[in-house]
Amino acid sequence: MIIHHATVLTFDPDNRILFDGAVRYQAGVIDAVVESPTLLAAYPDDERWDADGKLLMPGQICAHTHFYGAFARGMYLPGPPAKDFPEILQTLWWKLDKALDLEGVRSSAEVCLVDAIRNGTTTLVDHHASQRAIDGSLDVIAEAVLQSGLRAALCYEVTDRDGPEAAQAGIRENVRFLRRVQEEQAAGQGRLAALFGLHASLTLSDATLASCAAAASRFHIHVAEHPADQYDSLQKSGKRAVERLHDFGITGPGSLMAHCVHIDGWEMALLAETQTFVSHQPRSNMNNAVGAAELTPMLRKGMAVCLGNDGFSNDMFAEMKVADLLQKAAHSDPRYLGADQVVKMAIHHNRQLAATLFDRPVGIVAPGADADLILLDHYPTTPLHPGNLPWHLLFGSNGGQVHSTIVQGVPLMRDRQLLTCDEQAVAARSRKAAQATWERFLRL
């Protein structure tokens with residue numbers, strides 16, 4: 001296939017933009033990125049897709065999400081509103097994950113996958129919990145991911161909050177799925193990856209952390225989303241959360257710590273030294289009123305700060321925009337962060353994270369990378385060049401402009417028509433499963 005007559009945003013090391021560019025791929029892998037006349041002349045017999053001037057760029061990557069949270073939309077929560085994040089966990093999320101059955105696990109994942117295709121997010125790093133439906137839950141999500149055509153890295157959230165048996169079941173589910181993925185990747189099946197999931201320091205005992213550390217080497221965990229995580233860690237160990245987790249071997253290259261809103265400079269230095277990834281979720285942090293992470297010091301330390309959505313919509317263009325605005329508002333300074341730093345997080349750092357999970361590069365339009373591509377109905381009204389590209393993306397682009405979504409060369413959506421998912425059927429299943437989940441929720 002050759003996609004031609006596109007404005008190609010490569011996001012390669014030179015940040016090239018090809019204004020009449022073409023991308024050729026075969027067997028799902030890009031093998032040429034040059035000007036359209038050159039590529040069309042070189043391969044006259046290839047199938048062609050005329051982009052008609054649309055933007056072509058890598059599919060977006062979401063570094064931290066929760067498929068299982070889809071059923072929270074519109075849910076009735078009895079009693080007074082939660083006053084802080086710990087109450088939100090207790091009154092909403094920890095009840096919701098116990099109300100899910102495997103049918104709800106699959107249905108909520110399908111909802112999020114449809115949303116991802118529509119918004120051009122082709123790789124998602126999910127963090128799952130369904131405390132009364134643990135065994136096999138990652139297989140159920142994996143089946144939905146494979147059917148959708150997207151790629152995802154999955155894990156199960158180990159926690160002590162529901163007792164030792166549930167914690168051990170979570171460990172087993174992670175270990176089992178890690179082995180499955182290792183076998184599939186060895187056989188060349190590359191759209192699934194796995195990490196070992198942990199909830200947060202505040203719901204993990206020393207014994208459970210030790211068991212998890214003995215079972216894996218790369219982890220996905222929430223860290224210091226609210227000060228309660230730090231208070232609990234200090235009480236348990238006399239150490240702040242990052243230091244406590246580091247002592248158990250949870251930090252390190254390939255591990256991912258979500259949020260890190262309330263870490264101090266010493267913890268930042270430890271994360272930088274251990275090359276641990278951090279993911280930032282600004283819309284969620286605003287919604288939960290937990291504060292704004294200190295991104296500028298993290299980035300200055302050379303930390304690989306990525307961008308996720310924590311279960312909000314999979315419009316990562318919106319997440320990019322909010323990341324910039326939140327920093328400016330939080331510091332009362334319009335100079336804070338900036339579109340160039342947001343693009344570093346959302347494109348380049350997310351790509352680095354994906355490189356630790358999948359065999360071939362994604363998040364770049366370059367030979368040798370998987371053909372995970374999106375076309376946008378975005379026609380710049382001011383000059384576009386590598387120097388101002390980040391500002392065009394933040395202030396001119398959005399998920400609603402996504403025209404087509406491609407993963408490993410397979411179109412999942414073309415001309416806004418979904419090709420691998422029946423959106424109406426997904427929505428109908430979701431309404432039924434959500435109603436049953438809500439009824440169980442209210443009985444808890």
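Reader: What makes a residue a contact of His 127, and which residues are in contact with His 127, leaving aside its neighbours within four places in sequence?
Author: Contact means heavy atoms within 4.5 Å. Setting those neighbours aside, His 127 touches His 64, Thr 65, His 66, Tyr 68, Cys 155, Glu 157, Gly 197, Leu 198, His 199, His 220, Ile 221 and His 222. Keep in mind that this is a predicted model, where local features need pLDDT of at least 70 and side-chain atom pairs count only at pLDDT 80 or more, while totals for chains, interfaces and linings use all residues. Numbering runs from 1 along each chain as its sequence is written, and side-chain values use heavy atoms, with hydrogens and water left out.

Reader: Why does His 127 count as buried?
Author: Buried means under 20% relative accessible area (exposed is over 50%, partly exposed in between, with a 1.4 Å probe and protein chains only). His 127 has 0% relative accessibility, so it counts as buried.

Reader: Where does His 127 sit?
Author: His 127 is in the loop between strand E7 (121-126) and helix H4 (137-148). Those labels are DSSP runs numbered from the N terminus: helices are H or I with at least four residues, strands are E with at least two.

Reader: Why do E6 and E7 count as paired?
Author: Two strands pair if DSSP finds at least two bridges between them. E6 and E7 have four bridges, in the parallel sense, so they count as paired. Gln 60, for one, stands opposite Thr 121 in E7.

Reader: Which strands are at the edges of that sheet?
Author: The open sheet runs E6-E7-E8-E9, with parallel pairing. Its edge strands are E6 (60-65) and E9 (192-194), each pairing on one side only. The twist averages 15 degrees from one strand to the next.

Reader: What about the five-strand sheet: what is its order?
Author: That open sheet goes E10-E11-E12-E13-E14, also with parallel pairing. E10 (196-200) and E14 (305-307) are the edges, each pairing on one side only. Leu 256 stands opposite Phe 277 in E13.

Reader: How do you know what angle H13 makes with E14?
Author: Axes are lines fitted to C-alpha atoms, for helices over the stretch in contact, and angles run from 0 to 180 degrees between N-to-C directions.
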